[in-house]
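I opened the structure to look up a few features and wrote down what I found. My entries follow.

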Amino acid sequence: MATAGLELQNVVKRFGAVAAVDGASLTVATGEIVALLGPSGCGKTTTLRLVAGFETPDAGSIAIAGADVARQPAFRRGIGLVFQDYALFPHKTVAQNIDYGMRLRGIAADARAERRAELLRLTRLEGLDDRRPAALSGGQQQRVALARALAISPKLLLLDEPLSNLDAKLREALRIELREILSTVGATTLIVTHDQSEAIGLADRIAVMNRGRIEQVGDARQVYEQPATRFVAEFMGHSIWFSGRLGEDRTTFVTDDDLLFRLEASKTAGTRLGLCIRPEHVHMPPREGDANRVSAVVDRVDFLGAELIVACRLDSGRVVRIPIRSDDSSVPTPGDRVALGIAPARCRLVADNPDLPADSHHTN
Amino acid sequence: MTSPRATASIAADRAAGALFRVLLVGTVIFLLLPIVVSVFLSFDDREYLGAFPPKNFSLRWYRGFLDNPAYLDGLKNSIKLALVATLVSTAAGSTAAFVLSEARWRGRGFIEMLFLSPKFVPTVVIGFSILGFAAAINVFDPFTRLVMGHIVITIPFTVRATLASLVGMRRSLTEAAISLGAPPWRAFLDVTLPLARTGVIAGALMAFALSFDEVAVSLFLSDAFTQTLPIALVAEMRANLNLTVAAVSTVFAAVTILVVVLLDRLTGLDTVIGQGLYR
């Protein structure tokens, strides 16, 4: 078996009585890019700081390229870290920033200059050698931070919310650029982010983190289409969640508000199961094959450009928001009684998180 | 066309601007004029504090200054004292500030308060306490006593100035250096120290200026044979008031200005301040 680029096993970190990381396990293959995705406070930043060596785990092991580093000081770990605020040395030029790690390693001046030129070319920063960080745009600063981290030929690259400090328009372009640089470099990379589009756009695999634990690891499609838990279902994109009971034959599900859904035979095990439906899989009006029909009254219609969001009030009083394309001929108006159709294949049984309130109506 | 209200608000803006300029010029004059007057007086040929401006000029008071060993010894002592006190106070104060700015433990605020407290204690009290303390630990050398006293009164300034320059300094900067392979001490030398330089230098300047013209504490800690220039000045004024005092004041101001300019030249203080901390 090849050694993993990064391996966390049952890592625990407590701050006082609070376990910020509560038994997290994750394996990143050599050369793989994994995004650690979760809401703020889920423990992802603490995980990053544990891997970087700025915090010491209370339990568990952290191995980089097969070597246990849990007790190794941060400056010996040889990790390239790109900080959320970039943390460029303001009193040093771009060239001095990039050189810093190489200087500490005693690399000769000409070898440094060669490596620097290579990195500046890779990050498209040629000619900016003598600029101070303050004279660079946000995107350029980020690329300098990346070049500085890559200069030490790190065994592992850590990116902390790499795109969050950039304005929305730049983000898309820089995401593509960053992805290209990362695949050129081919380094084992862990990206920490709360932004699912950042995770989907940059990473090979996504690890969804919640309450100090990693709930699911998989590629973007798996995590979206086959969420392992209710938390993952609701964190990745939109979902409509129904708590209820699974029938004996495992092909029917009765929700707590007495709606009956037919399912495809499911292998999902567990005692606390709920039903997850993606809003885009709800048809209005129902199509052929939509064995599940739910009656609702239109509450309001929001125009969002390419699509419309129709807020539908179910008989239980619960409102679900269903997207329809704005070129659909029959746009309902508030007050209309409509039928919603869902195919059994689109009704997914998902393990409920015991820590999420059973009656909460997350529709977004 | 502008509305009457807009016209009124423009007029109000102008009035406020004019008032601001008057206040600014007034403040500068108020601060500088006494020094200018004393510089003129130091060249006055008359024996007494006469009407301004002086009619005849001479260098007799400067000769008086150079001929008076009390003044010359005082000047020598003051410069030596200010240098030693500044050095110790800057080293100790900045180090304390670096530790305090990193500190997360409880009681950090209390320790900071202790360092700043000499600012609020009457100097007379400090002077007397140091005198008693020095005697208690068998220190009777007046210069050593003076150094002790001057460190106590200058340390709040060196601590404060360095702390101010560290406020808002992101922890990620040091961590970046560490992640690139720098042991913590190296990260401190390469990142924290250069970025805090402005504060350290400003603190040192304040400490020097403060020590150089200190009277109250020095009054307690000096003796008849080891006097500082300000003490010699006060003593001389009591004994026989003449314009030598003006000449000494002028020398005083000149030395202070010289130190500031020198440090500025040596360290590029102006460029650091002008560019700001994070450029």
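**Notebook: a sheet, a contact and a bent helix**

I began with one residue pair, and noted that Ala296(A) stands opposite Val338(A), which lies in strand E18(A). The model is predicted, so I keep in mind that local features need pLDDT of at least 70.

Entry on the sheet. I looked up how strand E15 of chain A, residues 292-303, is joined to E18(A), and found 6 bridges, with the two strands running antiparallel. Next I asked in what order the strands of the open sheet lie. In chain A the order is E17-E16-E15-E18, which makes 4 strands with antiparallel pairing. I marked the edge strands as E17 (319-325) and E18 (337-342) of chain A, since each pairs on one side only. From one strand to the next, the twist averages 50 degrees. As a reminder to myself, strands of a sheet pair through backbone hydrogen bonds.

Entry on the contact between chains. I counted what each chain brings: 19 residues from chain A and 17 residues from chain B. On the side of chain A that touches chain B, strand E6 (79-82) and helix H2 (94-104) each supply at least two residues. H2(A) gives the most to that side, with 3 residues. By class, the residues of this side of chain A are 14 nonpolar, 2 polar and 3 charged.

Notes. Residues are numbered from 1 along each chain as its sequence is written. Chains are lettered from A and ligands numbered from 1 in the order in which they are written. This is a predicted model: local features need pLDDT of at least 70, side-chain atom pairs count only at pLDDT 80 or more; totals for chains, interfaces and linings use all residues. Two strands pair if DSSP finds at least two bridges between them. Axes are lines fitted to C-alpha atoms, for helices over the stretch in contact, and angles run from 0 to 180 degrees between N-to-C directions. Two residues are in contact if their C-beta atoms, placed from the backbone, lie within 7 Å. Ala, Val, Leu, Ile, Met, Phe, Trp, Tyr, Cys and Pro count as nonpolar, Asp, Glu, Lys and Arg as charged, and the others, Gly among them, as polar.
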